[in-house]
Amino acid sequence: MNSSTDSPLIELRAAVKVYDSLAGPVTALNKVDLQIFQGEFLVITGKSGSGKTTLVNILTGLDRATSGEIWVNGEPLHRFGPERAAKLRGKTMGVVFQSFELLPTLTVLQNVMLPMDFARRYPAWEQRKRALSLLEQVEIAEHARKLPTALSGGQQQRLAIARAMANDPAILVADEPTGSLDSATAAVIMDIFEKLIEQGRTVFMVTHDEDIAQRGSRIVTLADGEIVHSEERLRL
Ligand code: ADP
Ligand code: MG
């Protein structure tokens, strides 16, 4: 375990991902080096097909890199099979997708409690209280007993964020979290991420939207599977 504040939370070294397709191999990530530090609001941007989702899948261990190294909290994710990868992900990351991926037959509250049930980090008596407090933070606590389908798109994404925070992850990873929302609703989601950053949390967010990308503390641009630009922003 790495406890130094200077060492990155996640580090990719020469990460490569080649997909096999009918038309032949597709190199989606080409020797990407990237370090993600605690407290950053790191935004990855780039056109459709530039490799953003591939990067998310590789650094969360949802998919395996073809070559290169991925270190998460000092652990070699690139050496792990699916099961150990899932364990490490559950322990360190909360993941949010464009399509929310909520469980439709569970209530809003139960959706947030489910990952706590898996991780067993919090005792049963505390899970409900903690879930309610997370729903309060994203301001949908009054909908706790409803089914996710009764919520608007923006509310469903807020629920997905609350669920991602269930086990108090070191980093929140979000792939196009505002991709299916209108711009006013997207702004509310960005406010929530900024609030998390103010609390000292770490957010890794992917967006193809250049305006939204400007909210990050560091903006990294991908093109054809390579990092072509990286810029730190002064926070007011
Ligand atoms: P982005 O999220 O930036 O739109 P992706 O990571 O989804 O980009 O895709 C990067 C490249 O990899 C694209 O050329 C895409 O067509 C290709 N690709 C993505 N997933 C697969 C797959 N499962 N099989 C073959 N090619 C893929
Ligand atoms: Mg994508």
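The lining of the second largest pocket comprises four nonpolar, six polar and three charged residues; Ala, Val, Leu, Ile, Met, Phe, Trp, Tyr, Cys and Pro count as nonpolar, Asp, Glu, Lys and Arg as charged, and the others, Gly among them, as polar. This is a predicted model, in which local features need pLDDT of at least 70 and side-chain atom pairs count only at pLDDT 80 or more, while totals for chains, interfaces and linings use all residues. Residues are numbered from 1 along each chain as its sequence is written, chains are lettered from A and ligands numbered from 1 in the order in which they are written, and side-chain values use heavy atoms, with hydrogens and water left out.

**Pockets**

- The second largest pocket has a volume of about 220 Å³. It is lined by 13 residues, of which T45, G46, K47, E210 and T221 are the closest to its centre.
- Helix 7 (210–213), strand 9 (218–223) and strand 10 (226–232) each supply at least two residues of that lining, and strand 9 gives the most, with four residues. Helices (H or I, at least four residues) and strands (E, at least two) are DSSP runs, numbered from the N terminus.
- The largest pocket has a volume of about 660 Å³, a volume being the space filled by probe spheres set on grid points that are joined across faces, edges and corners.
- A pocket is an open set of points on a 1 Å grid over the protein atoms alone, with protein on both sides within 12 Å along at least five of seven lines; a cavity is a set where a 1.4 Å probe fits but cannot get out, and lining residues have an atom within 4 Å of a point.
- Of the 24 residues lining the largest pocket, R89, G90, M93, P115 and F118 lie nearest its centre. Helix 2 (82–92), strand 6 (93–97), helix 3 (108–119) and helix 5 each supply at least two residues of this lining, which divides into 15 nonpolar, four polar and five charged residues.

**Cavities**

- There are two cavities of 30 Å³ or more.
- The largest cavity, with a volume of about 80 Å³, is lined by L134, Q137, V138, I161, A162, M165, I192, K195, L196 and Q199. Seven of these residues are nonpolar, two polar and one charged.
- Helix 6 (183–198) is among the elements that each supply at least two residues of the largest cavity's lining; with three residues, helix 6 has the largest share.
- The second largest cavity has a volume of about 30 Å³. Its lining includes M165, P169 and L196, and strand 7 (171–175) and strand 8 (202–206) each supply at least two residues.

**Ligand 1**

- The residues around ligand 1 (a heavy atom within 4 Å) are Y19, A28, K47, S48, G49, S50, G51, K52, T53 and T54. By class, two are nonpolar, six polar and two charged.
- Helix 1 (residues 52–59) gives the most to this shell, with three residues.
- A backbone N or O atom lies 2.7 Å from a ligand 1 oxygen atom in G49, 3.1 Å in G51 and 2.9 Å in T53. The protein covers 61% of the 560 Å² of accessible area that ligand 1 has on its own (Shrake-Rupley method, 1.4 Å probe).

**Positive phi**

- Most residues other than glycine have a negative phi.
- A14, in strand 1 (residues 10–21), has a positive phi of about 50°. At 32% relative accessibility, A14 is partly exposed (buried is under 20%, exposed over 50%, partly exposed in between; 1.4 Å probe, protein chains only).
- E139, in the loop between helix 4 and helix 5, has a positive phi near 60°. E139 is exposed, at 54% relative accessible area.

Technical notes
A polar contact is a pair of N or O atoms within 3.5 Å; within protein, one must be able to donate a hydrogen and the other to accept it, and residues adjacent in sequence count only if both atoms are side-chain atoms.
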